[in-house]
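The following note is intended for a student reading this structure. Please keep the sequence and the model at hand while working through the points.

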Amino acid sequence: MSTQFDQNLSSLERYKDSPHYRKIHEQAESLGLLGHFDRLDEDGYTIIPPELVASNDFRERLLDAALMVNEKRSGQKIKATDLPTTQLDEDVPQRGHWALLGEDPIFEDLIMNPAILTMGKYLCGNSLLLSDLVCQIKQKHEKFTHPLHTDQHGTPPPLPPYSQVCNVTMTLTDYTKGDGVTAIVPKSHKKGRYPHPKEFDFRAEDAPVKAIPVEAPAGSLIVWRGDTWHGSYLRENPGLRVNIIMVFTRVYMRQIRNFRAEISQELLDRQSKEFAHLIGMNSMYPFDDGKPPSQEDNNYMMAAGYNPWA
């Protein structure tokens, strides 16, 4: 029996007969990702194996760059080879480092990765924006940090059938049971709402909503819709879990980071026009010096009002 969400999702089919959708479809087909679109529609999340994402060398260099950021900001030096046994030097469940763009060019390469961009565009359209990216380093700890929630904060029910936010998490270490992995409630996006407080703690024996652990090898992408219910299990094993989370949004949403005010011209000069669009350098709002952009400059945003994949 189909739900109201299924019916609403079906209503999007007519928009697939468009150059906007075909562009994304063709890219996904060339990358072997089409089946993951179906999983996102049906289950609200998908796991993309490392071989469809990037080389192991890229993952290792990305992990080293993330650990260098951690050393720069926290003062704690952590070697990749020590991750299975070491701990953070403070009594916290995890340490998060936002605003990674500008720290190392490899983070620029990461957000332009074809598999990542294709999945982001499927959920948020060709005009998607990077909201920000964060490295999380998680250790064994008794504090429960992430009850069930969605990433579309502040969007009232009933939620639309298209996603307004996309979460793409790259696992830089293995995600196995006991590692403090992501908890997902499959098909929860079809509820079209945020979880109620009584549904937050999925760990309780009498929990009205049960989650499942997301296990994946290092180098995988875990992708979920902004309206998918998820949380995180406690880490029970020694050592540290490391990931990088990329948050993408639709073009009309406010980004976490104000890239226009913070990204250097030097960084922009070495990147493409698509990169500049991705971080919102040509965003329609806010107006620069109180002047609206030209029609040519805001066509991409206006197009997004006509097609979910524009």
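Which residue stands opposite Ile184 in β6?

1. The model discussed here is predicted. In it, the residue of β6 that stands opposite Ile184 is Ile212. Strand β5, residues 182-184, pairs with β6 in the antiparallel sense, over 2 bridges.

2. These strands belong to an open sheet of 3 strands, whose order is β6-β5-β8 and whose pairing is antiparallel. Because β6 (212-213) and β8 stand at the edges with a single partner strand each, one side of each has no neighbour in the sheet.

3. The largest pocket holds about 500 Å³ of space. Its lining comprises 28 residues, and those nearest the pocket centre are Trp98, His149, Asp151, Asn167 and Val247. By class, 16 of the lining residues are polar, 9 are nonpolar and 3 are charged.

4. Several strands contribute to this lining: β2 (94-97), β3 (129-139), β4 (165-171), β8 (230-232) and β9 (240-249) supply at least two residues each. Strand β9 gives the most, with 5 residues.

5. Two helices also deserve attention. The axes of α2 (residues 19-31) and α6 (residues 114-124) come within 10 Å and cross at roughly 145 degrees. This crossing of α2 and α6 is left-handed. On the α2 side, the contact is made by Tyr21, Ile24, Gln27, Ala28 and Leu31, while α6 contributes Pro114, Ala115, Thr118, Lys121 and Tyr122. By class, the contact of α2 with α6 has 7 nonpolar, 2 polar and 1 charged residues.

Key. Residues numbered from 1 in each chain as written. Predicted model: local features only at pLDDT ≥ 70, side-chain atom pairs only at ≥ 80, totals over all residues. Heavy atoms only, no water. 1 Å grid on protein atoms, 1.4 Å probe; cavity = no way out; pocket = protein on both sides within 12 Å on 5 of 7 lines; lining within 4 Å. Points joined across faces, edges and corners; volume = space filled by probe spheres on them. Helix = DSSP H or I, 4+ residues; strand = E, 2+ residues; numbered from the N terminus. Nonpolar A, V, L, I, M, F, W, Y, C, P; charged D, E, K, R; others polar. Axes fitted to C-alpha atoms, helices over the stretch in contact; angles between N-to-C directions. Left-handed = near helix turned anticlockwise from the far one by under 90°. Contact = heavy atoms within 4.5 Å. Pairing = 2+ DSSP bridges.
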